[in-house]
Amino acid sequence: MFVVRVAGNSLDTSTTASLQYAVKHLSVKVLMVMGHEGCGAIKAAGLPIAQIEQEPQELANAVKMLKRGLDEQRLKNVHDARAYDREAVITNVRRQVEGLCRDAAIMKKVQNEELIVVGCFYEISSGIVDFLPIYSPTGISSELHEKVFDEKFTVLVSGEK
């Protein structure tokens, strides 16, 4: 297991480079973007820009990058705090997975059925991990993703391969 932990699962130069290294040189089989319940970085991204800009520059820049990925118009219609939190985190996970799907080397491995890219939401309060439907903006067919996910992920997780 090769783990890259960063607030908000944000894909910046160093996290992307770390994942590219893991894929190219360590031959990892699964890239999993796991958001979690109560993510402070995503909560911060939901704050007004004026409030975010009061943070140190590097932190403000990171939070603004996450904020750009949130669909605030859609999220403002979610009135339950727990549901809002979940939807904001899931929206962010999807954005980060989309970012990974724009990486040609990563997607080549997916096309060759050597790699799975998946997003999920970890509900800390229950211990449940929900896997998100696989989305690919690069034209990789959902059938291919489903085939790779269904046939290989179970084997990889169970330790049989």
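Here are some friendly notes on the strands, pockets and cysteines of this predicted model.

1. **Ground rules.** The model is predicted, so to speak, with thresholds attached: local features need pLDDT of at least 70, side-chain atom pairs count only at pLDDT 80 or more, and totals for chains, interfaces and linings use all residues. Residues are numbered from 1 along each chain as its sequence is written, and side-chain values use heavy atoms, with hydrogens and water left out.

2. **Strand β2 and its cover.** Helices and strands here are DSSP runs (H or I, at least four residues, for helices; E, at least two, for strands), numbered from the N terminus. Buried means under 20% relative accessible area, exposed over 50%, and partly exposed in between, with a 1.4 Å probe and protein chains only.

3. **Partners of β2.** Two strands pair if DSSP finds at least two bridges between them. Strand β1 (residues 30-36) runs parallel to β2, with 7 bridges joining them; Met-32 has Val-118 of β2 as its bridge partner. On β3 (residues 128-131) the arrangement is antiparallel, with 4 bridges to β2, and Cys-120 is bridged to Phe-131 there. β2 and β3 form a hairpin with 4 residues between them, and Gly-127 in the turn has a positive phi of about 85°.

4. **The largest pocket.** A pocket is an open set of points on a 1 Å grid over the protein atoms alone, where a 1.4 Å probe fits and protein lies on both sides within 12 Å along at least five of seven lines; lining residues have an atom within 4 Å of a point. Volume is the space filled by probe spheres set on the points, which are joined across faces, edges and corners. The largest pocket comes to about 1,000 Å³. Its lining has 31 residues, and the closest to its centre are Met-1, Phe-2, Val-3, Val-4 and Met-32. β1 gives the largest share of this lining, 7 residues, while α1 (13-25) and α8 (142-158) are among the elements that each supply at least two. By class, the lining has 23 nonpolar, 6 polar and 2 charged residues. For these classes, Ala, Val, Leu, Ile, Met, Phe, Trp, Tyr, Cys and Pro count as nonpolar, Asp, Glu, Lys and Arg as charged, and the others, Gly among them, as polar.

5. **Annotated residues.** An unreviewed UniProt entry carries a "binding site" annotation that covers His-36 and Cys-39. Both His-36 and Cys-39 are in the lining of the largest pocket. His-36 lies in strand β1 and is partly exposed, with a relative accessible area of 30%. UniProt positions follow the numbering used here, feature names are shortened, and annotations may be inferred rather than shown by experiment.

6. **The second largest pocket.** This one has a volume of about 250 Å³. Among its 15 lining residues, Leu-11, Arg-95, Gln-96, Gly-99 and Arg-102 lie nearest its centre. Helix α6 (81-101) is one of the elements that supply at least two lining residues, as is α4 (57-69); the largest share, 6 residues, comes from α6. The lining splits into 5 nonpolar, 5 polar and 5 charged residues.

7. **Cysteines.** With a disulfide taken as a pair of cysteine sulfur atoms within 2.5 Å, the count is 0. Cys-101 is buried at 2% relative accessibility, and Cys-120, in strand β2, is buried at 0%. The C-alpha atoms of Cys-120 and Gly-35 are separated by 6.3 Å, although the two residues are 85 apart along the chain.
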